[in-house]
Amino acid sequence: MAEALKHLLNEQTVRAAGTNLRRAWRGFDAAAFERDALRGLERLELKARAMHIADALEATLPRDFARAAAVIEASLAPPLADASGVASDSDDDGIAGWMLWPMGEFVVRRGMGEPVRALAVLHALTQRFTAEWAIRPFIVAHPALSFATLGRWVDDPSAHVRRLVSEGSRPRLPWGMQLKSLIADPTPTLPLLAALQDDVSDYVRRSVANHLNDIAKDHPQLVASWLERHLPGASAQRQALLRHASRTLIKRGDARVMAAWGYAGGFEGAASLKVRPSRIALGEALTLTLVLKAARGGARQDLVIDYVVHHVNARGGNSAKVYKGWTRSIAAGSTLELIKRLALRVITTRTYYPGLHRVEIIANGRPIASGAFKLLDGG
């Protein structure tokens, strides 16, 4: 985790939390909490800091979870007014921001036996930061209760709560535990996504798009069917959501998804690719020049064009990586030249090895041209 991120949980946020918890409950031992939370904190990265501070909360909050939950809720800052998802740090108005990650972890550790009360605390936390990581163990341990609760929250007045419905139940949430049951069968979340895909908040709709994209990685046909059902007649906002949700399957060239977006069939015409220079050393730039000559007499062609670099790997074989190229239309009989420069970071990463790297151009999911370059040893 990046060095700067760990400082989101620091001495200042710990001391502010202690002050606010003491204000909420006069019996809270703020000095002990701060001592335990700050001991060794500087050596830890962000997630480890959150777990370490949660240890200090366990040692100082009331043993009775209902009492601890009331203290936490009373210590919080006012809910975020907007749906940007950007939380300020804790201050004199109460606890907010990244300090609520360890508080969510405390709820997971101590509230699993009282899930109704615990979910109510997460409802409060997510309006000041997020509870997307904390809710996932409850989905695993108490699926019926959790999904019934999420089903009510789709109508919550807070966009942060509505986003939690989608984000917290994503099968493959970054930084969060995988929900293996939903990776295997995502159907329990589909009614939730259907209820939220036209949400008034772009913050919520982005989460729905990412959730659908998660599902696409394991169940492409389910998402293709979703597009076929929900794309016709969709508003501009829903189209944008579904486009973002389709990104993995568009890269894969999924035939049903390409057809749903009007990109059925491959390119009709001639295509040529130049890769320059043909021999390159680490740190140098690479330029791809693609020329398309559309067939005469046909209709305009709408194309999604990506390029695949088949990189040499450590074992001497190849591993393919798809890069976003262009979305273009070309009239019958016309010529289109497209140029892409591979950024230095693309060819200087240490995961690439010397040898012949092949470049393949994919239009609407079908290969249309190829080329190659040699990455020199020790360049």
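Student: Which residue in E6 is the bridge partner of Thr289?

Tutor: In this predicted model, Thr289 has Ile339 of E6 as its bridge partner.

Student: How many bridges join E3 and E6, and in which sense do the two pair?

Tutor: Strand E3, residues 286–294, pairs with E6 over eight bridges, and the sense is antiparallel.

Student: What is the order of the strands in the open sheet?

Tutor: The order is E1-E3-E6, three strands with antiparallel pairing. Strands of a sheet pair through backbone hydrogen bonds, in either a parallel or an antiparallel manner.

Student: Which strands stand at the edges?

Tutor: Strand E1 (269–276) and strand E6 (335–342) do. Each has a single partner strand, so one side of E1 and one side of E6 are left without a neighbour in the sheet.

Student: And by how many degrees are neighbouring strands of this sheet turned against each other?

Tutor: The average is 15 degrees, with direction ignored.

Student: Moving on to E4 and E5: over how many bridges do they pair?

Tutor: Strand E4 (residues 301–312) and strand E5 (residues 318–330) pair over twelve bridges, in the antiparallel sense. Within that pairing, Val322 in E5 stands opposite Val308.

Student: Which residue takes a positive phi in the hairpin of E4 and E5?

Tutor: Gly316 does, with phi near 90 degrees; the hairpin has five residues between the strands.

Student: Now the voids. How many cavities of 30 Å³ or more are there?

Tutor: The count is one. About 40 Å³ of space lies in the largest cavity.

Student: Which residues line the largest cavity?

Tutor: The lining consists of Leu100, Trp101, Gly104, Thr130, Ala131, Trp133 and Ala134. By class, five residues of this lining are nonpolar and two are polar, with no charged residues.

Student: What volume does the second largest pocket have, and which residues lie nearest its centre?

Tutor: Its volume is about 190 Å³. Of the 13 residues in the lining of the second largest pocket, Lys47, Trp101, Glu105, Trp133 and Trp175 lie nearest the centre. Trp101 and Trp133 also belong to the lining of the largest cavity.

Student: Which elements give two or more residues to the lining of the second largest pocket?

Tutor: Those elements are helix H4 (46–60), helix H6 (100–111) and helix H8 (135–141). H6 gives the most, with four residues.

Methods:
Residues numbered from 1 in each chain as written. Predicted model: local features only at pLDDT ≥ 70, side-chain atom pairs only at ≥ 80, totals over all residues. Heavy atoms only, no water. 1 Å grid on protein atoms, 1.4 Å probe; cavity = no way out; pocket = protein on both sides within 12 Å on 5 of 7 lines; lining within 4 Å. Points joined across faces, edges and corners; volume = space filled by probe spheres on them. Nonpolar A, V, L, I, M, F, W, Y, C, P; charged D, E, K, R; others polar. Pairing = 2+ DSSP bridges. Axes fitted to C-alpha atoms, helices over the stretch in contact; angles between N-to-C directions.
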